[in-house]
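Here is a short note for a colleague opening this model for the first time. Please read the points with the structure in view.

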Amino acid sequence: MEHRQTIRDFLLSNESAMFDLLRQMVEIQSYSFNKAGNDRMASLIARQMEDLPVAVQEVGQDTVGRHLIVRSSATENFSAQILLAGHMDTVFPEDTTFTRYEEDGKVCRG
């Protein structure tokens, strides 16, 4: 139960910053073939990790957005490692008008 309270306290104390980051991400037009938008998204995510105990490597690409490789030094003490994979692009083309972020009570849309 102690860990749950710690997580809850963290989430509550960082709620505003997390929603601000979500808004920033939604407002970046990062359609799969929009290299500039995807590079902006990679930079935003890399900046968010600057104060964490991880190494962030940005791998440049010619026609698509940069890739991020994030490594934790904590894995040095373990024989097994975990790979998390994700993507930073969206499904909407660059010229779409679908770039808004809205908060309505307990619901966010974007």
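1. Start with the lining of the largest pocket. Its residues divide into 15 nonpolar, 10 polar and 4 charged. Keep in mind that this is a predicted model.

2. The volume of the largest pocket is about 970 Å³. In total, 29 residues line this pocket. Nearest its centre lie Leu 68, Ile 69, Val 70, Leu 83 and Leu 84.

3. Which elements give two or more residues to that lining? They are H2 and strand S2 (67-72). S2 provides the largest share, 6 residues.

4. Now turn to the helices. Helix H1 covers residues 2-26, and helix H2 covers residues 35-48. They pack at an angle of about 165°, with axes 10 Å apart. Angles over 145 degrees count as roughly antiparallel, so H1 and H2 are roughly antiparallel to each other. The crossing of H1 past H2 is right-handed.

5. Look at where the two helices touch. From H1 come Leu 21, Gln 24 and Met 25. They meet Met 41, Leu 44, Ile 45 and Gln 48 of H2. By class, this contact has 5 nonpolar and 2 polar residues, and no charged ones.

6. The second largest pocket holds about 320 Å³ of space. Its lining includes Leu 21, Gln 24, Met 25, Ile 45 and Gln 48, and these residues also take part in the contact of H1 with H2. Phe 10, Asp 20 and Leu 52 are also among the lining residues.

7. H1 and H2 each supply at least two residues of this second lining. H1 gives the most, with 8 residues. By class, the lining has 8 nonpolar, 3 polar and 1 charged residues.

Notes:
Residues are numbered from 1 along each chain as its sequence is written. This is a predicted model: local features need pLDDT of at least 70, side-chain atom pairs count only at pLDDT 80 or more; totals for chains, interfaces and linings use all residues. Side-chain values use heavy atoms; hydrogens and water are left out. Axes are lines fitted to C-alpha atoms, for helices over the stretch in contact, and angles run from 0 to 180 degrees between N-to-C directions. Helices (H or I, at least four residues) and strands (E, at least two) are DSSP runs, numbered from the N terminus. Angles under 35 degrees count as roughly parallel, over 145 as roughly antiparallel, 65 to 115 as roughly perpendicular and the rest as oblique. A crossing is left-handed if the near helix is turned anticlockwise from the far one by less than a right angle, and right-handed if clockwise. Contact means heavy atoms within 4.5 Å. Ala, Val, Leu, Ile, Met, Phe, Trp, Tyr, Cys and Pro count as nonpolar, Asp, Glu, Lys and Arg as charged, and the others, Gly among them, as polar. On a 1 Å grid over the protein atoms alone, a cavity is a set of points where a 1.4 Å probe fits but cannot get out, and a pocket is an open set with protein on both sides within 12 Å along at least five of seven lines; lining residues have an atom within 4 Å of a point. Grid points are joined across faces, edges and corners, and a volume is the space filled by probe spheres set on the points.
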